[in-house]
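Please look at the structure on the screen while I go through a few of its details.

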Amino acid sequence: MSDSVLSRSSVADLDRRTFAGLLSGIIVLGLALQVFLSTQPTTLSIELGRIVTLAPIVVATLAYVRTRPTAAAWEIGAVAVWGFLAQRIVDIAWFIAGPALAGAVGVSAILLSGGAELRLAELLRYLGTVAVFAGFYTAAASRRDRPIVSAITLMAVPVVLVVIYAAI
């Protein structure tokens, strides 16, 4: 059986600089796609938006595997699926509670700035999402001796994301 390029052992064996470069490349790719989507709406917007949505999950899962290289494949899959579900929970919560939490932006302010504050808010939300996912997944992976604490840490991700979205 041949090892894939990004098997669990290869991610865990990467030196710090290479691993940071891999994560930085994924984050910058997602950020570039986010900028492209906010400035140039195209017919590929839905597909590119899905890639932007997956970037924080990929970064978080790689951070989890790097911190906990002995994790079983089902555990890694469950963590990745939870990342996707957590983003959906945040989307629903933000749709329901977002206008009340974020307040109203005046139409004249949007027109004067050309929508710059909306674009900036989207970019900051993306970076905040990546930071929360990577940080909480790394913290959950480091709690090998306490699986309940790891689960609670992962369950807190949607709550923290809604708080960050409200702050931006």
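I begin with a pair of charged side chains: Arg88 forms a salt bridge with Asp91, and their closest N and O atoms are 2.5 Å apart. By salt bridge I mean a side-chain nitrogen of Lys or Arg within 4 Å of a carboxyl oxygen of Asp or Glu. Because Arg88 and Asp91 are three residues apart in helix α4, about one helical turn separates them. Helices here are DSSP runs (H or I, at least four residues), numbered from the N terminus.

Before I continue, a word on the source: this is a predicted model, in which local features need pLDDT of at least 70 and side-chain atom pairs count only at pLDDT 80 or more, while totals for chains, interfaces and linings use all residues. Residues are numbered from 1 along each chain as its sequence is written, and side-chain values use heavy atoms, with hydrogens and water left out.

How accessible are the two partners? Arg88 is partly exposed, with a relative accessible area of 30%, and Asp91 is partly exposed as well, with 39%. Buried means under 20% relative accessible area, exposed means over 50%, and partly exposed lies in between, using a 1.4 Å probe and protein chains only.

How many salt bridges does this rule give? The count comes to three. Another of them joins the side chains of Glu122 and Arg125, at 3.4 Å from N to O. These residues are three apart in helix α6, so about one helical turn lies between them. Glu122 is partly exposed at 36% relative accessibility, whereas Arg125 is buried at 14%. In a further salt bridge, Arg68 meets Glu75 at 2.9 Å, N to O. Arg68 counts as buried at 16%, and Glu75 is buried at 13%.

I now turn to the nonpolar side chains. In soluble globular proteins, nonpolar side chains tend to be buried together. A nonpolar core is a set of buried Ala, Val, Leu, Ile, Met, Phe, Trp, Tyr and Cys residues joined through side-chain atoms within 4.5 Å. The largest such core has 33 residues, of which Tyr64, Phe133, Tyr137 and Val157 touch the most other members. Helices α2 (16–39), α3 (45–67), α4 (73–102), α6 (116–142) and α8 (157–167) each supply at least two residues of this core.

What does Tyr137 touch? Leaving aside neighbours within four places in sequence, Tyr137 has contacts, meaning heavy atoms within 4.5 Å, that include Tyr64, Trp82, Leu154 and Val157.

The axes of α6 and α7 (residues 147–155) come within 8 Å and cross at roughly 170 degrees. The two helices are therefore roughly antiparallel, a term for angles over 145 degrees. The contact is made by Phe136, Tyr137, Ala139 and Ala140 of α6 with Ser150, Thr153 and Leu154 of α7.

Finally, two single residues deserve a look. Thr129, in helix α6, counts as buried at 4% relative accessibility. Apart from neighbours within four places in sequence, Thr129 is in contact with Pro56, Gln87, Leu161 and Tyr165. Val160 lies in helix α8 and counts as partly exposed at 24% relative accessibility. Val160 touches Val132 and Phe136, not counting residues up to four places away in sequence. Val160 and Val132 are 28 residues apart in sequence, yet 7.5 Å apart in space, C-alpha to C-alpha.

How values were computed
Axes are lines fitted to C-alpha atoms, for helices over the stretch in contact, and angles run from 0 to 180 degrees between N-to-C directions. Angles under 35 degrees count as roughly parallel, over 145 as roughly antiparallel, 65 to 115 as roughly perpendicular and the rest as oblique.
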